[in-house]
Amino acid sequence: MADDTVSRREFIKKSTVAASTVVAGSAASVGHTHEADQHEHEQSDFTLRAKALVSVLTKKNLIDPATMDAVIDFYENKVGPHIGARVVARSWVDPEYRERLLADARAVAREDNLTGVQGTDLVAVENSAKVHNLVVCTLCSCYPWPLLGLPPSWYKDAAYRAQSVIDPRGVLRKFGLELDDDVEVRVWDSTAEVRYLVIPERPVGTDGMSVDQLAELVTRDSMVGAEKLQ
Ligand code: FE
């Protein structure tokens, strides 16, 4: 692993201030303690605001906390990247399925009953030796829940959201992925309507493996484009 390779959590910690700085056009330096503290403070403000909203909406009988818990439990514990991994693995062994997936992932998702909250309009994009796709939601954290479960915290962080569109190669480098100069990087900005699934390249030396065996090799991050499978 290269010296500048850091974990996603470390990356977020170190880069949050830098990303906010780029967006705001200020010249503050990365890792400035005061600003980092301020960010921590802002994060806890968001948590408090969310709790206050839940409390008010519950009192007004506009939401049912039990239903909310059930939805969160479903997407945290029952739905997850193992579902997307099977889609990817099948696309590796079944050319006709892959073609349909890339042409109209919405239709495939409907056929395979892979729809639900945050997954209606699905678009699949394929990585190759010459193209690398990276998915982000610059506005918030839109993500294909029915295929990948709930998004990881780094996907929701301001650093990832801002830097992915400004310097995707730099973001990938910090995740430990150095792309050759001749590889085109495509960044897909998710919206409330459209969610993206990256079909990573099939690792070499996997000929003859079953869909189940191949699915075991597919990671969550590779389906966001933040990782390349080895
Ligand atoms: Fe979003």
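A: A residue is buried if 20 or more other C-beta atoms lie within 10 Å of its own, exposed if 12 or fewer, and partly exposed in between, with C-beta atoms placed from the backbone. A nonpolar core is a set of buried Ala, Val, Leu, Ile, Met, Phe, Trp, Tyr and Cys residues joined through C-beta atoms within 7 Å. This is a predicted model, in which local features need pLDDT of at least 70 and side-chain atom pairs count only at pLDDT 80 or more, while totals for chains, interfaces and linings use all residues. Residues are numbered from 1 along each chain as its sequence is written.

The largest nonpolar core has 41 residues, and those with the most contacts inside it are Val 88, Ala 89, Ala 105, Val 135, Leu 197, Val 198 and Met 223. Helices (H or I, at least four residues) and strands (E, at least two) are DSSP runs, numbered from the N terminus.

Helix H4 covers residues 81-93, which is 13 residues, and from its first C-alpha to its last it reaches 19 Å, close to the 18 Å expected at 1.5 Å a residue; the expected span is 1.5 Å times one less than the number of residues. Its buried residues are Pro 81, Gly 84, Ala 85, Val 87, Val 88, Ala 89, Ser 91 and Trp 92.

Two residues are in contact if their C-beta atoms, placed from the backbone, lie within 7 Å. Ala 89, one of the core residues with the most contacts, touches Val 211, Leu 214, Ala 215 and Val 218 when residues up to four places away in sequence are not counted.

Strand S1 (residues 121-126) pairs with S4 in the parallel sense over six bridges, where pairing requires at least two bridges found by DSSP. In this pairing, Val 125 stands opposite Val 198 in S4, and Val 198 is itself among the core residues with the most contacts.

Leu 101 counts as buried because 24 other C-beta atoms lie within 10 Å. Leaving aside neighbours within four places in sequence, Leu 101 is in contact with Ser 91, Val 108 and Ala 124; Ser 91 is one of the buried residues of H4. Leu 101 also lies 9.9 Å from Glu 126, C-alpha to C-alpha, although the two are 25 residues apart in sequence.

Val 187, in strand S3 (residues 184-189), is partly exposed because 17 other C-beta atoms lie within 10 Å. Beyond its neighbours within four places in sequence, Val 187 is in contact with Leu 134, Val 136, Ser 164, Val 165 and Pro 168, and its C-alpha is 7.2 Å from that of Val 136, which is 51 residues away in sequence. As for a loop, Asn 113 lies between helix H6 (105-111) and S1, counts as exposed because it has 8 C-beta neighbours inside 10 Å, and has a positive phi of about 60 degrees although it is not a glycine.

To set this part in the whole, the protein chain has eleven helices and four strands, and buried residues make up 31% of its 230 residues. Among contacts between residues at least 6 apart in sequence, 71% join residues at least 24 apart. The mean pLDDT, the predictor's confidence in each residue from 0 to 100, is 85 for the chain, and 80% of its residues reach 70 or more. Over residues 15-37, however, the pLDDT is below 50, and this stretch has 30 contacts in the model beyond near neighbours in sequence.
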